[in-house]
Amino acid sequence: MPTPFLSIVIPCLDAVSWIDETLASVQRELEGTSFEIVVADGGSTDGTRERLRDAGVLLLEEPDNSLYEGVNRAVAAASGEYVLW
């Protein structure tokens, strides 16, 4: 698979109520661009992880100690030429 131009990093925790719209918004805005979405879930218990498993994203499912730890994990896993948070 070719290297994506952009990696979009999304940290989340218990985000089931807004994650679908977030992913749809990214996909609309970047249509025609080579990109990946990397989601760092910090241990959601509301169904977020289950929803993301079939969403076509790179899902990192590890508890973390802070938002920034999740962002750093996602950035480390990103493969795009540029990373956006």
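This is a short tour of a predicted model, one selection at a time.

**The whole chain**

Start with everything shown as a cartoon. The protein has 3 helices and 4 strands, and along the sequence they follow the pattern β-α-β-α-β-α-β. The radius of gyration is 12 Å, close to the 12 Å that the globule rule gives for 85 residues, so the protein is as compact as a globular protein of that length. Along the principal axes, the C-alpha atoms fill a box of roughly 35 × 25 × 20 Å.

Switch to a surface. Its accessible area comes to about 5,100 Å², and 51% of that belongs to carbon and sulfur atoms. Of the 85 residues, 38% count as buried. Among contacts between residues at least 6 apart in sequence, 62% join residues at least 24 apart.

In soluble globular proteins, nonpolar side chains tend to be buried together.

Now centre on Ile37. Leaving aside neighbours within four places in sequence, Ile37 is in contact with Ile8, Ile10, Leu23, Val26, Gln27, Val57 and Leu58.

**Helix H3**

Select residues 67-77, which form helix H3. Which residues of H3 are buried? They are Gly70, Val71, Arg73 and Ala74. These four cover an arc of only 160° around the axis, which puts them on the same side of H3. An α-helix has 3.6 residues a turn, so residues three or four places apart point the same way. Turn the view to the other side of H3 to find Tyr68, Asn72 and Ala76, which are exposed.

**Ser7**

Stay with strand E1 and select Ser7, which lies in it. Is Ser7 buried or exposed? Its relative accessibility is 0%, so Ser7 counts as buried. A polar atom of the Ser7 side chain lies 2.7 Å from the backbone nitrogen of Gly80. Beyond its neighbours within four places in sequence, Ser7 is in contact with Glu36, Ala78, Ser79, Gly80, Tyr82, Val83 and Leu84. For a distance check, pick the C-alpha atoms of Ser7 and Val75: they are 8.3 Å apart in space, while the two residues are 68 apart in sequence.

**Ser44**

The last stop is another serine. Select Ser44, in the loop between E2 and helix H2 (48-52). Its relative accessibility is 2%, so Ser44 counts as buried.

Show the side chain of Ser44 with its partners:

- Asp41: its side chain and that of Ser44 are joined by a polar contact of 2.5 Å.
- Asp14: its backbone nitrogen lies 2.6 Å from a polar atom of the Ser44 side chain.

Leaving aside neighbours within four places in sequence, Ser44 is in contact with Leu13, Asp14, Ala15 and Arg49.

Definitions and conventions: Residues numbered from 1 in each chain as written. Predicted model: local features only at pLDDT ≥ 70, side-chain atom pairs only at ≥ 80, totals over all residues. Heavy atoms only, no water. Buried < 20%, exposed > 50% of the residue type's maximum accessible area, 1.4 Å probe, protein only. Helix = DSSP H or I, 4+ residues; strand = E, 2+ residues; numbered from the N terminus. Arc of directions from axis to C-beta. Polar contact = N/O pair within 3.5 Å; in protein donor to acceptor, adjacent residues only side chain to side chain. Contact = heavy atoms within 4.5 Å. Rg over C-alpha atoms; globule rule 2.2 N^0.38 Å. Areas by Shrake-Rupley, 256 points an atom, 1.4 Å probe, with all protein chains shown as cover.
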